[in-house]
Number of protein chains: 2
Amino acid sequence: MKPVNVGLLGLGTVGAGTVNVLRRNAEEIERRAGRGIHVTMAAARDLPRQRACETRDIRLTDDPFAVVNDPAVDVVVELIGGDEIARELVLAAIRAGKPVVTANKALLALHGQEIFDAAHEHGVAVAFEGAVAGGIPIIKAIREGLAGNRIEWLAGIINGTGNYILTQMRDRGLSFGEALAEAQQLGYAEADPIYDVEGVDAAHKLTILASIAFGIPLRFDEVYCEGISRVTVADVGYAGELGYRIKHLGIARRREQGVELRVHPTLVPERRLLANVEGVMNAIMVYGDAVGPTVYYGPGAGAEATASAVVADLVDIVRALTADPGHRVPLLAFQPSAIADVPILAAEDMETAYYLRLLVMDKPGVLADITRILGEFCISIEAIIQKEPEPEATHVPVIITTRTVREGEMDQAIRRMQALPAVMNDVVRLRIEQFDG
Amino acid sequence: MKPVNVGLLGLGTVGAGTVNVLRRNAEEIERRAGRGIHVTMAAARDLPRQRACETRDIRLTDDPFAVVNDPAVDVVVELIGGDEIARELVLAAIRAGKPVVTANKALLALHGQEIFDAAHEHGVAVAFEGAVAGGIPIIKAIREGLAGNRIEWLAGIINGTGNYILTQMRDRGLSFGEALAEAQQLGYAEADPIYDVEGVDAAHKLTILASIAFGIPLRFDEVYCEGISRVTVADVGYAGELGYRIKHLGIARRREQGVELRVHPTLVPERRLLANVEGVMNAIMVYGDAVGPTVYYGPGAGAEATASAVVADLVDIVRALTADPGHRVPLLAFQPSAIADVPILAAEDMETAYYLRLLVMDKPGVLADITRILGEFCISIEAIIQKEPEPEATHVPVIITTRTVREGEMDQAIRRMQALPAVMNDVVRLRIEQFDG
C-alpha cells in the first residue's frame, strides 16, 4: 500500500522529535501499521532556523493553513500549541475530512467539545494520546484497556515540572522558589511557570482524563485548581514525619451526587507507588470496579516521549484510515450519543481528609479550643501533634490530620479557628488521600 | 444495533467474573461499544453446581463444541484453560468465522502460531489481553500504545503467586516452603504449584509479550526458565543489605545477535518501582527507544481483574465486528508478513550481572583464589563481602556482586570455584538487573 503523507504543524521540540522517531523507526512502524508513514510537509515559523531534525525531504512553509489545505496531505499533526490558531487549524482539517493528531491539552480542554462535535459530524478521527502524560499510553488504557469497568476514580501526577519541584524540596530541602529557579534553568519550567505550578496544565489534562473515564463533557472551567507555590519546606517535613509525601495531583472521583474534579497538593502515604514517583516522571492511578487499582508510569514530557504518543496515534489512524467511522474507537471513549451530563461538584461539596498546620500561642487551653471547634463540625481528628517550641519562641506549630470530611464544613471550621486570638498564622490546609480503594 | 451474543466456554472463577462484569456494567459497556454484549450460552462441567454468577438467562450445556457451533453465538470466549481441548475449540471457532477472546496463556504460548495463522487465514480476530498480567492492559499498551517505538527490553513481575511468596520471605522471614504453604492456604497457589514457582506460567506470558514487543514468533521452548524454589531467606537478607530486593522476573531483551528470553529470580535495586511491587500484584516495565521507561501495574489475577481484560477485548471486537480485517490492529502487533524470525539466544550467550554466595573455609588465601578465578574470566567484581564467622563455625559466607558478564564465562568461573577445596557449598548464583535504561 502507498505510504500515508503527514502534514506537520509546528517544528519545535515535539515536532522535530516526531520527525526523528518516524524516520529512525520507519521499518518497525511500517511492520506494525502495514503502510509507511512519512512527514511530507511541515509548517514552521522562522524557516531558515537550525532544527533538531533533518528536513531535506519535507516541504517547508510558514503558512500552517497551506499544510492543512494541501491535497497531498492525508493526516494533519498539530503541534503548534496555544488554543486560538490551533483551534482554527484543527477545525479546518476536520472540515477537509483529514484526521488530526494533536498533543495540545489546552486546545482540547478549552475547545474540545466543539472539535469533537465537528469530528463526529464529518466522520473524522481526532487522536490525542500525547496531550496527557507524554509517552504513557494512558488515553488508550482508559478508553480501551479498561472498557469493561465502571471507573470509580483516577489520580495522577500529570505535571512533571511540579513533581520535579516537590521532589527537590523533599530530597534537598530547597524552598519552592529555589526549586522552581532550578527547574527553569534545566529547561523543565517555562519562563512563565504559572501553567505548571498553579495547576492550570494539570487541570487541562484532568479535564480530558475525566471525560474519557466517565463519559462526561469536557468541563475545564469547573475544575477546582490549587497550585504548589504555597507549599513550604516545613509542610514537606511534617508530612514526612507523619509518613506522607506531598504530590501535586489531579483527581477525578465519581460520587453519588456528581463528579469531583480537583487539582491540588496532596499528602499521599509514602508506601503508595504514586508517592514514589520522582523528578519529572508522571504516573496515573486508575481504579475500576472490576480491575481494582492500576498504575501507569513514564516520562510525561520531552521531545521523543511525546513523539512516541503522536506516532502511536498515527499508527491507529493509518490502520483505520479507510474504515467506516462506526468501526472506530469512539474519540472520547464513549459513543457521542452516550455522553452523560453529570454535574461537577462545587469545591464545598468535595470530600477529603485534611492536614492542617497552625501556629499557636504556647499556653494552656489552645488545643482544647481547636479540638472543640473541629468537634462542632463533626470533623474526626486522626492525629494531632504539638511540636516543641523553639527556645525563646512564644509560638508552637500544631499539626492536625483529620478523617474524610465535606470541604464546606472544613471551610467553616477553619474560619472559626482563624478567629481564635491564640492562632497566629493563616491556617495551612492541605488535602490527604489514602488511595486504598 | 442488536446486541452481540457471546458464547462462554468455562464457568469457573474468571467465567463467572466475566458474566458478572458484563451484567453489572451493561450500561457503561454499551455506552462505550455502541451495542449491548450479552452472554447467551455457556458450557460448563458439573452443570447443577452452585455458581458465582446468575445463569438464569444463559443457555447451559456441558458440551463446549455445542457453544462454538451454535449459530446464535457471535463471539466465543474461551476460559476453560489447559491446552489440548482449548486448542480444538478455538480452532473450531476460527474456522466457523467467529472471533475468539481467550485468557489462556498456555494455549497461546504452546499453540499460538497455529492459532494466529488460522485466524489470519479466516480473517477472524483472536484477542488475549487477559492472558498476561490479568487486568493490566499490557497487551494493548505494547501493541498499540508504544507502536512508534523500537522496544529495547521489557521486564515483568508476571506471576502473582511467586511475588507473594518472595514478599513474605522478605517481610516476615518465612522460608520458601512456609510462604508457599501460606499461598496455597489463601488460594493463590495451585495444589500443584510447579507452574507458578518454577516459572512455567511466567515463561508462557513472557513468550506472548516478547512476540508482540519485537514482532517475533511465539517460542516458548526457547525461554530460559529458573524458578524461585531454591531462593533462601539468607539470600533475601544479603540482597537487602546490598540494597536489592529479589523478584521473580520475566525478561525479554533485544541484543545485537538476537533476543534474550529468560525467567529467573533477579536482584533489583530497591528504589526501582519494580522492586516495590508487593504481594500478588503484577507490574511490567517496558523500555522503548522513543518513550524511555514506562511501567504498568495492577492485579495480575482474580475473577474480575481478568474479566476486566476479557470484556475490554470483547468491546474491541464488537466495535470492529463487521469491519474489513485490514482495518484491524494486527493480532500480534506486527503485520503477519512482517514477523521476523530473530534468533533467541542460548543461556550461555545471555548477559547479566551476578550475585554469588559461597560458603568457604575461614582461612587465608581463599578470597585470593576466588578473585583470581573471576579475573581469569574477565569478570569485574562490584562488591565482595566476607561475613563474620558464627562462633565455633569453621566456614564463613562470602557474597560477591559482579558487573555484567556473558553467562558462559560465569558458568566456567563457577565450575572452577566449585572445585576449590575451600568452597563448601554449591555456589549460589542469582542474576542482577539495574534497569537504568
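Modeller: Strand E5 (residues 100–102) of chain B runs parallel to E6(B), and two bridges join them. B:Val101 has B:Ala127 as its bridge partner in E6(B). Helices (H or I, at least four residues) and strands (E, at least two) are DSSP runs, numbered from the N terminus, and two strands pair if DSSP finds at least two bridges between them. This is a predicted model, in which local features need pLDDT of at least 70 and side-chain atom pairs count only at pLDDT 80 or more, while totals for chains, interfaces and linings use all residues. Residues are numbered from 1 along each chain as its sequence is written, and chains are lettered from A and ligands numbered from 1 in the order in which they are written.

The pair belongs to an open sheet of six strands in chain B, with parallel pairing and the order E3-E2-E1-E4-E5-E6. Its edge strands, each pairing on one side only, are strand E3 (59–61) and strand E6 (126–127) of chain B.

In chain A, strand E1 (residues 4–9) runs parallel to E4(A), joined by four bridges, and A:Val6 has A:Val75 as its bridge partner there. Strand E4 (residues 75–78) of chain A points A:Val75 and A:Val77 one way and A:Val76 and A:Glu78 the other, all of them buried. Buried means that 20 or more other C-beta atoms lie within 10 Å of the residue's own; exposed means 12 or fewer, partly exposed in between, with C-beta atoms placed from the backbone. In a regular strand the side chains alternate between the two faces of the sheet. E4(A) is also parallel to strand E5 (residues 100–102) of chain A, through three bridges, and A:Val77 stands opposite A:Val101 in E5(A). Between E4(A) and E5(A) the chain passes through helix H4 (residues 84–95) of chain A, in a right-handed β-α-β crossover. Right-handed means that, with the strands pointing away from the viewer, the path from the first strand over the helix to the second runs clockwise.

Further along chain A, all eight of the eight residues of strand E11 (residues 281–288) are buried, so this strand is largely enclosed by the rest of the structure. Strand E7 (residues 151–157) of chain A pairs with E11(A) in the antiparallel sense over six bridges, with A:Leu154 partnered by A:Val286. E11(A) and E12(A) are antiparallel as well, over eight bridges, and a hairpin joins them through three residues. A:Asn282 has A:Gly298 as its bridge partner in E12(A).

Strand E12 (residues 292–299) of chain A pairs with E12(B) in the antiparallel sense over three bridges, and A:Tyr297 has B:Val295 as its partner. The contact takes 52 residues from chain B and 52 residues from chain A; residues are in contact if their C-beta atoms, placed from the backbone, lie within 7 Å. On the side of chain B that touches chain A, helix H2 (26–33), helix H6 (138–145), strand E12 (292–299) and helix H12 (303–319) of chain B each give two or more residues. H12(B) gives the most, with nine residues.

Definitions and conventions: Two residues are in contact if their C-beta atoms, placed from the backbone, lie within 7 Å.
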